[in-house]
Amino acid sequence: MRLADIAAVADEARAAGARLVVDNTFATPVFQQPLALGAHVVVHSTTKYLGGHSDVIGGAVITDDDELHERLKAYQNSAGAVPGAFDAWLVLRGLKTLTVRMQRHAENGARVAAFLAQHPRVHDVVYPGLPTYPQRDLAGRQMSGPGGMVTLALPGGHREVDDFVRALRLFSFAESLGGVESLVCHPETMTHAAIPAEERRRRGITPGTVRLSVGIEDAEDLVADLEQALEAPGHG
Ligand SMILES: *Cc1c(COP(=O)(O)O)cnc(C)c1O
């Protein structure tokens, strides 16, 4: 949930004769357009928001450099990383609603983050739309919306996360993100388990860190679910 200054890094890359590749999966083209900020290549997991329905696995590589495009196409043709027709169709179907989905993900993300930020049992809510977000100026410069990913920390660590996740009813416990249904995951033991513990701490991921992919359900239902899970037995 920490941002890189894409325009500044692109300038440094150019000065060093290197190319900047940006993974734009969390922001999507609706909220951030890295090529316009100076990046050379953008990659997306289309498994996430672009597909949007947690029913397809895929990826996309985008560049505005003709020569690089030719090389990537030749590599794809010989290496065989080509999506099946049905997978491609599922992503195209998802793209039709991308803008309205992202607007709703961001509205719900903001509502959920505001609720969590004022909850006495919740620590360290990180969301680019919160007034307390440390890189708010940068977020405002390079993103047109805060997206649907929210992280928080529960002070009781693993034990408290376990109780919280079991008590949730609308948020499914799963590792992916970006689908219409809300998901919750525990980065320390799931998405970031392969990173050495010391490096995880350095990046701010603690045993109590919880990641939410806020879906497009009714915002008040999501807040009510989080509220009842935080008050379930085992907390505090
Ligand atoms: C999920 C994810 C990937 C990997 O994509 P898959 O479609 O799961 O292979 C890469 N980058 C980000 C930011 C992701 O969230």
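The crossing of helix H5 and helix H9 is right-handed, meaning that the near helix is turned clockwise from the far one by less than a right angle. The model is predicted, with local features requiring pLDDT of at least 70 and side-chain atom pairs pLDDT 80 or more, while totals for chains, interfaces and linings use all residues. Residues are numbered from 1 along each chain as its sequence is written, and side-chain values use heavy atoms, without hydrogens or water.

The axes of H5, residues 98-117, and H9, residues 219-231, come within 9 Å and cross at roughly 30 degrees. Axes here are lines fitted to C-alpha atoms, for helices over the stretch in contact, with angles from 0 to 180 degrees between N-to-C directions. H5 and H9 are therefore roughly parallel to each other, the term for angles under 35 degrees. Helices are DSSP runs of H or I with at least four residues, and strands are runs of E with at least two, numbered from the N terminus.

Which residues meet? From H5, Arg104, Asn108, Arg111, Val112, Phe115 and Leu116 meet Ala219, Glu220, Leu222, Val223, Leu226, Glu227 and Leu230 in H9; contact means heavy atoms within 4.5 Å. By class, the contact of H5 with H9 has eight nonpolar, one polar and four charged residues.

Still in H5, I turn to Met102. Met102 is buried, at a relative accessible area of 0%; buried means under 20%, exposed over 50% and partly exposed in between, with a 1.4 Å probe and protein chains only. Beyond its neighbours within four places in sequence, Met102 is in contact with Phe26, Ala27, Thr28, Val30, Phe31 and Tyr49.

Thr28 deserves a comment of its own. Most residues other than glycine have a negative phi. Thr28 is not a glycine, yet its phi is positive, about 65 degrees. Thr28 belongs to helix H2, residues 28-31, and is buried, with a relative accessible area of 0%. Ser54 also has a positive phi, of about 50 degrees, without being a glycine. Ser54 is found in the loop between strand E2 (41-45) and strand E3 (59-63), and at 46% relative accessibility counts as partly exposed.

Finally, helix H1, residues 6-15, has Ile6, Ala10 and Ala13 as its buried residues. On the other side of H1, Asp11, Glu12 and Ala15 are exposed. The buried residues of H1 pack against strand E1 (21-23) and helix H6 (136-142).

How values were computed: Parallel < 35°, antiparallel > 145°, perpendicular 65-115°, else oblique. Nonpolar A, V, L, I, M, F, W, Y, C, P; charged D, E, K, R; others polar.
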